[in-house]
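Below are my comments on the model, as numbered points. Please read them with the structure open.

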Amino acid sequence: MSPNPKNFLILGGIGGIGGFLTDRLIEQGHRVFVTTRNPQKVQQSSVDQDHTLVVDVLNPDSIQQAVATASQEGLDGLIMQSMVKMPQ
């Protein structure tokens with residue numbers, strides 16, 4: 001447990017590397033908000049559903065809203081771990 005818990009927002013914090021980072025930060029006692037573009041993945045998250053946000057990382061307004069929500073009690077770190085596949 002961290003003696004000084006921090007608040008993090010991880011864009012793409014449910015699967016793969018983002019999920020690993022999310023789990024480690026939670027284990028250390030930090031407060032973590034995560035984003036996903038797929039609402040069905042919310043149940044896969046180890047994060048409280050109130051801290052899981054559905055975000056389209058290609059939409060700046062969507063990202064701004066996520067940052068505003070996550071930073072209501074202060075935001076100590078933002079990790080961009082989201083993956084986007086662009087159409088060919």
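1. Helix 1 supplies the largest share of the lining of the largest pocket, namely three residues. This is a predicted model, and the pocket in question has a volume of about 370 Å³. Its lining counts 17 residues, and those closest to the centre are Gly12, Gly15, Arg37, Lys41 and Met83. Besides helix 1, strand 2 (31-36) also gives two or more residues to this lining.

2. By class, polar residues number 10 in the lining of the largest pocket, alongside five nonpolar and two charged ones.

3. Gly18 sits in helix 1, which covers residues 16-27. Its relative accessibility is 0%, so Gly18 counts as buried. Setting aside neighbours within four places in sequence, the contacts of Gly18 are Ile10, Gly12, Gly13 and Gln81. Asn59 lies 41 residues from Gly18 along the chain, and 20 Å separates their C-alpha atoms.

4. Ser62 belongs to helix 2 (residues 60-70). Is Ser62 buried or exposed? Ser62 counts as buried because its relative accessibility is 16%, and the cut-off for buried is under 20%. Apart from neighbours within four places in sequence, Ser62 touches Val54, Val55 and Asp56, in the sense of being in contact with them.

5. On confidence, the protein has a mean pLDDT of 85, with 95% of its residues at 70 or more. Strand 1 (residues 7-11) has the highest confidence, at a mean of 91, and strand 3 (residues 52-54) the lowest, at 87.

Technical notes
Residues numbered from 1 in each chain as written. Predicted model: local features only at pLDDT ≥ 70, side-chain atom pairs only at ≥ 80, totals over all residues. Heavy atoms only, no water. pLDDT = per-residue confidence, 0-100. Helix = DSSP H or I, 4+ residues; strand = E, 2+ residues; numbered from the N terminus. Buried < 20%, exposed > 50% of the residue type's maximum accessible area, 1.4 Å probe, protein only. Contact = heavy atoms within 4.5 Å. 1 Å grid on protein atoms, 1.4 Å probe; cavity = no way out; pocket = protein on both sides within 12 Å on 5 of 7 lines; lining within 4 Å. Points joined across faces, edges and corners; volume = space filled by probe spheres on them. Nonpolar A, V, L, I, M, F, W, Y, C, P; charged D, E, K, R; others polar.
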